[in-house]
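Subject: Structure handover

Hello,

Here is the structure for you to look at. My notes follow below it.

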Amino acid sequence: MKALAARRRHPLGGVVVMLLALLVVGGAYSVLTPAPASAAAATDDDIQAGKELFLANCANCHGLQAQGTDAGPTLIGVGSASVDFQVGTGRMPLSANQPQAHDKPVQFSDEQIAQMGAFVASLGPGPAVPPAEFQEFTDDPERISKGNELFRTNCAMCHNVVGAGGALTRGKWAPNLQDVSAKHIYEAMLTGPQSMPVFNDANITPEEKQDIASYLHFAGTEPSPGGLTLGGLGPVSEGLFAWAAGILALVGCAVWLGAKAS
Amino acid sequence: MSSILTDKRTATLAGYVDDRVGASKIVKTFARKIFPDHWSFMLGEVCLYTFVVLLISGTFLTFWYTPSMALTTYEGSYPALVGQTVSEAYATTLHISFDIRGGLLIRQIHHWAALLFVAAILAHMARIFVTGAFRKPRELNWVVGCVLAILALAAGFTGYSLPDDLLSGNGLRIISGVIQAIPVVGTYMAFFIFGGEFPGEVIIPRLFIMHVMLIPAALLAMIGIHLGMLVMHKHMQFPGPGRTNNNVVGYPVLPVYAAKAGGFFFIVFGVVVLMAATVTINPIWNYGPYDPSPIGAGTQPDWYILFVDGALRLMPGWLGPVPTEFSTFGYVWSLNILLPGAVVPGIMIMGLFAYPWIEQWLTGDTREHHLLDRPRNKPTRTGLGVAALVFYVVMALAATNDLVATHFHISINDMTYVLRTLFFVGPPIAFWVTKRICLGLQRRDRELALHGRESGRIVRTADGEYFEVHEPLDVYERWNLVQHEDEVVVPLPQGRATTLDKLRARLSAFFFEDRIAPVTPAELEAAHAHGGHGEVESGHDVPAVGATGHGTGSSHGH
Amino acid sequence: MKDSPTTGHAAVHSHGGGTDLAAPEGTDLENRFANPGLPAHRFRVTDTDPKAARSAERQVSTIFLLSAVGTVVFLVGYFALPIEEDKSFERLLLSTLVLGLGLGFAIFCIGIGLVHWAKTLMPDHEQIELRHDIAGTEDDRRDAANIILDGVEESGVMRRTVIRNSLIGALGILPIPAVVLFRDLGPLPGEVLRHSLWENGVRLTRDPDGTPIRAADVTYGSVFHVIPDGMEDSAHPIEEKAKAAVLLIRIQPEKVQAAPERDGWDYDGIYAYSKICTHVGCPVALYEQQTHHLLCPCHQSTFDLTQHCKVIFGPAKRPLPQLPITVDNEGYLVAQRDFPYPPGPSYWERGESE
């Protein structure tokens, strides 16, 4: 304190203090205020960079103007949330013509994804990447319980009661949700990727979307109090285990029991 | 030993019991009864012991469980359901799982024991079937066993539904739909069972009383009859040296069998508890309370009901342009539900009950049997058994089609088409393959009995000829290979044959088709007389004995 | 049941090499090998070596002591790991594991010890017991038959036909009350399966909140899970839900095949269909936004929204019933009337199937 007080008398001391104060205030501001949706913060440079990335990686299927071709749908009006979900989970770019896009290792940096999102968002109004406050899980038990109820009604029929995934028609499937980020779950509900229907904010509010993601996080991270889960697949894996482990162990014991001692 | 019996107090006590219940006669009758030993004979004991485990663990559960569908707000220890409206049955099951020390363990013991109970019953039945243990005089005990199997399924299903969770509730929904599809009385039956419209407010209490009283009482009674008959008939035994149709070779109840069988109870119980300690089963907190609107992907019943669910999945609602549900005079025939939900299981159960008499009829064999068949020595029966098992497994597999589709990345539609095909062609293929395997094993037995075991030692004769030395089997080993009897096809009766006679003769010929007769002493003699190394040309010197086939009625061509 | 006393060791040896046992009835001995009898008994190490026997004895008692350790582990786990204060799943998992492993080990070791004892130290000479005819002798049968015939004769049941027939008649109708008593198990079906809570003007509300839905809220590709307004206040909300649950989907109207008889049943491409499968009643809740197919997760019945939910795969036969909807003057979606066909699984009295 003494050293600092001494230096304050230095001619530049006032400047230093001002700079420090600005840094602290600015840092706190940037931490405490929710980041505005990335589309809104996008600069013309971002949009230009995003366009270049788009032309190099996406235009082949989605068309040079993102107007859509036989190989891929139009991206006008899908918004930055779609881009962030599809590219951010590695589903795009598509690796092969399949009934459904797999999630794969992500091929672009967060910055590049944001730039592409900015470009697509500039083409027409669409759902934006959720604000930062909805990109996190909550651990409020009441909200987790609410999320559980909403998940059961709106999502479990495709994604299974704990988000283990499930089958759709003709080789399509609803993916496993257990390690998916709150942001991507939010964006998926908002945009309805691939086979998934849309759950807009009038149907499931942003808070409720966060509740759902938080329930999934809860179900995926809490240990099962009963022990091994066998994949959370229910009676089929339990039945297999009863035969493969239980009956086999008992038959093993019976063979030992019936064998003559040496 | 003598010290215990000469002890005065023991003697007094023993005398007291004997005076009142005739204990000495009971001890004399049972304590030294002989039971044969084989691992597969323990499968029945697994059934009995898991049932005991079920009684013990189930009683524990009833002290906390409330069989009520009254709605309540959940306020227990599982956070993700707090504040939601659930039934008391569901809430108390959660209470057992999360708020009673060891409660979750006992629940898991009960459910694992239930899965093992039915699994052991199926394995036990398969053993009885392929070894021919259902033959006279045990046909009635086979029937009792079939009744036990059905009761076990009923016990399992009623128990599965009791937690009133989303998974089992949708299972009940399916059952109610199947009941409604029954012609004429279906709707009334559904309304009587559920106390009105589905789901109503009475089905859980009704299932509860079935599950904890009626079905276990029936099971106990039938187990009593089953074991009573077992003691009366004495246990069957595998053929072997010294074992005949007129004796039982094994160990006495006291001490060996009592120690082994008693010990095995603890082994079974212990394995169940260890499974329950380490592996989650039926995590109802994940499924949530029952509500007619939601459902989870991957909705399946416990494994033993999978076959009915799978049959329901396989049956198409439309055969091209032809619907499988139609109405006549304003009444609906839901064949798309009835055929897989009631007719197929019904036929399977009837076939199961009737099999001992069917086989008896077409073999004409009404003798008493106390020696088991080696499965290979009855290729047709073994083939039928495997075919039935494949039929069952194909249907059960169909009920897992959504899980298989996602885990092996195949289309659920394609998988259903494949399984629809396998439903028809799987069992015949399984029959044919199994029968060929059995016949192959029988031929190998013949070779072994005739020529002994290959020693791997090559010897050169004075003439420069090479042959492999075969070591002859000793009489005990050989007996295992030659002990079975050759079978005779039931011929057409003299004079006019009825259609039934013809059918019987045809089925009998089918049953014994391709049979291979056991080696006779004369054949062995001939094989040996054929020079010291006849083995080299083995096959030539056996004039296709027994491998005649097509039921000529006289396969004894030697 | 009068079994002869079982034969001891001596008997085993007397059977060794016997041939008489081998002949099944009616089989020519010439054509069959003789049963060689039991092979000579093979002694175990514990029979011949006292040291091995002592070692086996030690093993058995050690196993029993291990069981006692398991019981102690269980007790320690029960009291040292309470689950009242610590509600975490880690604690419950640990409690279940310790209790289960302790108890399981305790029980399992008793079994292993007993069997090991029996196998190594109890006599293992195979013994032979002869079987006896299950049926009685001819004399027995005749006596039994006579006893029954005499009894029947003495009772007069065959002679006094009036008594007999009146008894049969009375017994014949006696079970009827038992059956009749079951009549009140449930109400008769009547027409309840034909009707749901939907009627003109009933708002479509979100499941499970019960909040109404504006037509403007239902964007293209959206799915809403819907229950009728006021369902919670009805007499049997769950039973009503099982009939009235609806799926609300918006699709570009031009994608749907024209069907004049359904004109005006949708509102601007917003379609409402029963969510209850026409097969056996599971919720048909899976909607694929791109193919416009609805899939039932229970038995894979697949319905095509563009063909008015006609069945295109799986065991269902009938299409899902459509709920005609419109909007009220506040912009909320409402039903025009009940489903045109009874929702849910088929039943006998349902009538002509559409």
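The UniProt record, an unreviewed entry, lists residues 240-259 of chain A as a transmembrane region. In the model, which is predicted, that span is 95% helix and 0% strand, and its end C-alpha atoms lie 27 Å apart.

Chain C has annotations of this kind as well. UniProt gives residues 60-81 and 93-115 of chain C as "transmembrane region", again from an unreviewed entry. Residues 60-81 of chain C are 95% helix and 0% strand, with 31 Å between the end C-alpha atoms. For residues 93-115 of chain C the figures are 100% helix, 0% strand and 32 Å between the end C-alpha atoms. Further along, an unreviewed UniProt entry places "domain: Rieske" at residues 243-334 of chain C. That span is 2% helix and 30% strand, and its end C-alpha atoms are 17 Å apart.

On the interface of chains B and A: 62 residues of chain B are in contact with 51 residues of chain A. About 4400 Å² is buried between the two chains, 70% of it on carbon and sulfur atoms. B:Trp39, B:Thr280 and B:Ala297 supply 12% of the area that chain B buries against chain A, more than any other three residues. The count of salt bridges between chain B and chain A is zero.

Within chain B, one helix pair may be of use to you. The axes of H14 (residues 335-363) and H19 (residues 499-512) of chain B come within 8 Å and cross at roughly 95°. Angles of 65 to 115 degrees count as roughly perpendicular, so H14(B) and H19(B) are roughly perpendicular to each other. By class, the contact of H14(B) with H19(B) has eight nonpolar, two polar and two charged residues.

Most residues other than glycine have a negative phi, and most peptide bonds are trans. A cis peptide bond joins B:Phe198 and B:Pro199, with omega about -5°; B:Pro199 sits in the loop between helix H9 (186-194) and helix H10 (203-233) of chain B. Another cis peptide bond joins B:Leu254 and B:Pro255, with omega about 0°, and B:Pro255 is in helix H11 (residues 253-278) of chain B. C:Gln300 has a positive phi, near 65°, and lies in the loop between strand E7 (293-295) and strand E8 (302-304) of chain C.

Regards

Key: Residues are numbered from 1 along each chain as its sequence is written. Chains are lettered from A and ligands numbered from 1 in the order in which they are written. This is a predicted model: local features need pLDDT of at least 70, side-chain atom pairs count only at pLDDT 80 or more; totals for chains, interfaces and linings use all residues. Side-chain values use heavy atoms; hydrogens and water are left out. Axes are lines fitted to C-alpha atoms, for helices over the stretch in contact, and angles run from 0 to 180 degrees between N-to-C directions. Helices (H or I, at least four residues) and strands (E, at least two) are DSSP runs, numbered from the N terminus. Angles under 35 degrees count as roughly parallel, over 145 as roughly antiparallel, 65 to 115 as roughly perpendicular and the rest as oblique. Ala, Val, Leu, Ile, Met, Phe, Trp, Tyr, Cys and Pro count as nonpolar, Asp, Glu, Lys and Arg as charged, and the others, Gly among them, as polar. UniProt positions are given in the numbering used here, feature names are shortened, and annotations may be inferred rather than shown by experiment. Contact means heavy atoms within 4.5 Å. Buried area is the accessible area (1.4 Å probe) that two parts lose on being put together, summed over both. A salt bridge is a side-chain nitrogen of Lys or Arg within 4 Å of a carboxyl oxygen of Asp or Glu.
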